[in-house]
Amino acid sequence: MNKLFVSLAVFAAVVSAVYSQAGFCAPPCNPCTPAIDNRTVIEAVPGFRATAEIIADYGNCSVTYTGYQWQVSWGDGVVSYKNLTHLQPQQAIHTYQAKGTYTVVASYCAVPHYCCESCSSISKTLEIKY
């Protein structure tokens, strides 16, 4: 009996992973998507660095919704993120290993407790000089 239970549990986990990767969610994705305020700033700063100051708006999310994630992809393979219960302004600073051109993408996501997330993003290409 224990082997059957373990086999069924493994099968369920594999099916769940396949459905998640294919974009099928149960329950359906959260229809709520936060917005990014136009006062959000992404800019290069001296010393091989960049800063992202993101200001989120509720978008079509209820003010009582909880479960957000703030993400910044710095364009060099590094991603900064923070899980939050409520929307709030966030700031991050990143140091690059070399000068160059990098596209930075900042996102605010509503993250439900299952396989989907709903995000708004803003991007900017930066020239990191020194």
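Q69 lies in strand β5, which spans residues 68-73. The model examined here is predicted. With a relative accessibility of 14%, Q69 falls in the buried class. The side chain of Q69 makes a polar contact of 2.8 Å with that of N83. Leaving aside residues up to four places away in sequence, Q69 touches Y81, K82, N83, S107, Y108, C109, V111 and E117.

Strand β5 pairs with β8 in the antiparallel sense over six bridges, and Y68 stands opposite A110 of β8. Strand β8 (residues 100-110) is largely enclosed by the rest of the structure, because eight of its eleven residues are buried. Antiparallel pairing also joins β8 to strand β9 (residues 118-128), here over eleven bridges; within this pairing, Y108 has S120 of β9 as its bridge partner.

The structure contains two disulfides. One of them links C109 and C119, with the sulfur atoms 2.1 Å apart. Because C109 belongs to strand β8 and C119 to strand β9, this pair ties together parts that are ten residues apart in sequence. The link is right-handed, with 105° about the S-S bond. C109 is buried at a relative accessible area of 0%, whereas C119 is partly exposed at 32%.

A disulfide also joins C32 to C61, with an S to S distance of 1.8 Å. C32 is located in the loop between α1 (2-22) and β1 (35-36), and C61 in the loop between β4 (56-57) and β5, so the pair ties together parts 29 residues apart in sequence. The torsion about the S-S bond of C32 and C61 is about 110°, and the disulfide is therefore right-handed. C32 is buried at 5% relative accessibility, and C61 is buried at 7%.

How values were computed. Residues are numbered from 1 along each chain as its sequence is written. This is a predicted model: local features need pLDDT of at least 70, side-chain atom pairs count only at pLDDT 80 or more; totals for chains, interfaces and linings use all residues. Side-chain values use heavy atoms; hydrogens and water are left out. Helices (H or I, at least four residues) and strands (E, at least two) are DSSP runs, numbered from the N terminus. Buried means under 20% relative accessible area, exposed over 50%, partly exposed in between (1.4 Å probe, protein chains only). A polar contact is a pair of N or O atoms within 3.5 Å; within protein, one must be able to donate a hydrogen and the other to accept it, and residues adjacent in sequence count only if both atoms are side-chain atoms. Contact means heavy atoms within 4.5 Å. Two strands pair if DSSP finds at least two bridges between them. A disulfide is a pair of cysteine sulfur atoms within 2.5 Å.
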